[in-house]
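Reader: Could we go through this model together? I would like to begin with its surface and then turn to the fold.

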Amino acid sequence: MQTLTIGELKTGFSEVLKKIRSGQKIVISYGKKREKVAVIVPYSTYASTQERSLGLLKDRAGCIIHDDFEISEKEMLAL
């Protein structure tokens, strides 16, 4: 994964988009400490989330989690 500062991202935006379209992930850093603040991933990676089975209720029940749900998927699965 390549790491870029905000300035580098702005300067080479077209090239960065080409890299992302080819499947690369880009980490964005910010400030004097170059704190990592974001990752840009190809849309196909973002959009292709896997369905989770419901264990014992598989094929008998369903679950839909709406966008305004307060707990993240990571927090919910950590229980």
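Author: A definition comes first: patches are made of residues with over 30% relative accessible area and no salt bridge, with like charges joined within 9 Å and nonpolar side chains (Val, Leu, Ile, Met, Phe, Trp, Tyr) joined within 5 Å. Accessible areas come from the Shrake-Rupley method with a 1.4 Å probe, and for residues only the protein chains shown count as cover. A salt bridge is a side-chain nitrogen of Lys or Arg within 4 Å of a carboxyl oxygen of Asp or Glu.

Reader: What kind of model is it, and how are residues numbered?

Author: This is a predicted model, in which local features need pLDDT of at least 70 and side-chain atom pairs count only at pLDDT 80 or more, while totals for chains, interfaces and linings use all residues. Residues are numbered from 1 along each chain as its sequence is written, and side-chain values use heavy atoms, with hydrogens and water left out.

Reader: Which residues form the nonpolar patch on the surface?

Author: Ile6, Tyr30 and Val37 form it, with about 280 Å² of accessible area together. Isoleucine 6 belongs to helix H1, residues 6-11. Helices (H or I, at least four residues) and strands (E, at least two) are DSSP runs, numbered from the N terminus.

Reader: Turning to the fold, what pattern does the chain follow?

Author: Along the sequence the pattern is β-α-α-β-β-α-α, which comes to four helices and three strands.

Reader: How are the strands arranged?

Author: The three strands form an open sheet in the order S1-S2-S3, with mixed pairing. S1 and strand S3 (35-40) are the edge strands, each pairing on one side only. Neighbouring strands are turned by 35 degrees against each other on average, direction ignored; axes are lines fitted to C-alpha atoms, for helices over the stretch in contact, and angles run from 0 to 180 degrees between N-to-C directions.

Reader: How many bridges join S2 to S3?

Author: Five bridges join strand S2 (residues 26-30) to S3, and the two run antiparallel. Two strands pair if DSSP finds at least two bridges between them. Serine 29 has lysine 36 as its bridge partner in S3.

Reader: What does threonine 5 contact?

Author: Beyond its neighbours within four places in sequence, threonine 5 is in contact with Ser29 and Arg34, contact meaning heavy atoms within 4.5 Å. Threonine 5 is in strand S1 (residues 2-5) and counts as buried, at 16% relative accessibility.

Reader: And lysine 32?

Author: Lysine 32 is in the loop between S2 and S3 and is exposed, with a relative accessible area of 89%. The C-alpha atoms of lysine 32 and threonine 5 are separated by 9.9 Å, with the two residues 27 apart along the chain.

Reader: How many salt bridges does a search of the whole structure find?

Author: The search finds one. Glutamate 15 forms a salt bridge with lysine 18, and their closest N and O atoms are 3.4 Å apart. These two residues are separated by about one helical turn, because they are three residues apart in helix H2 (residues 13-21). Glutamate 15 is partly exposed at 46% relative accessibility, whereas lysine 18 is exposed at 54%.

Definitions and conventions: Buried means under 20% relative accessible area, exposed over 50%, partly exposed in between (1.4 Å probe, protein chains only).
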